[in-house]
Amino acid sequence: MENSTTPIKIGITGGIGSGKSYVCRLLERRGIEVYDCDAAAKRLIRTSTRLRRQLQKLIGSLEKADISRFLLASEENQQAVNAIVHPAVFQDFEESGKQWMESAILYESGADKLVDRVVAVTAPEEVRIRRVMNRDSISREQALQWIARQWPQDQVRGRADFEIVNDGATDLEQQIEKLLNQLTT
């Protein structure tokens, strides 16, 4: 690690359907606690009166379908929601004491500034589409809409320090072992 007194912070990112949450579960089986930005955002929206008030003023209804519709309607809508939610999530991560963070939009949100190293979890687009369709019970077109809202996978991979390929064929445990070894040397 970089400095024995200051633990290194690691960000894990990857587009929707890449399998980053699955990789994080494998890390957690090894005793590594990973801060989940999506889960934290949902928790904070549920529990923070201030956040709820700000979002209701912006969106109206805070039903999941209404939020999704609002987010997909325009880039401006997405940015407006992010400007409310991201600062609260960043503060919560800092207060959590965890060293690992999972964020689908690590670069887009600016969360990469909170970590020292970034791991990109990647998968072929067709695999990602299929995973999203199955997980969320949505159409191919809807899955493609969500994928299009995020940075291209090549751009994320190009900025990351490490890559884990989650294509269903490449050994994940072996890649995680290699990653952990590289982080500790």
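Colleague: Is Phe 93 buried or exposed?

Modeller: This is a predicted model, in which local features need pLDDT of at least 70, side-chain atom pairs count only at pLDDT 80 or more, and totals for chains, interfaces and linings use all residues. Residues are numbered from 1 along each chain as its sequence is written, and side-chain values use heavy atoms, without hydrogens and water. Buried means under 20% relative accessible area, exposed over 50%, and partly exposed in between (1.4 Å probe, protein chains only). Phe 93 has a relative accessible area of 0%, so this residue is buried.

Colleague: How many aromatic pairs are there?

Modeller: Rings of Phe, Tyr and Trp (its six-membered ring) pair if their centres lie within 6.5 Å; planes under 30 degrees apart are stacked, over 60 edge-to-face, and the rest tilted. By this rule there are two aromatic pairs. Tyr 35 and Phe 93 form an edge-to-face pair, because their ring centres are 5.3 Å apart and their planes stand at 65°. Tyr 35 belongs to strand E2 and Phe 93 to helix H5, 58 residues apart; helices (H or I, at least four residues) and strands (E, at least two) are DSSP runs, numbered from the N terminus. Tyr 35 is also buried, at 4% relative accessibility.

Colleague: Which arrangement do the rings of Tyr 107 and Trp 151 have?

Modeller: The pair is stacked, because the ring centres of Tyr 107 and Trp 151 lie 5.6 Å apart and the planes meet at 5°. Tyr 107 is in helix H6 and Trp 151 in the loop between H8 and helix H9, so the pair ties together parts 44 residues apart in sequence. Tyr 107 is buried at 7% relative accessible area, whereas Trp 151 is partly exposed at 24%.
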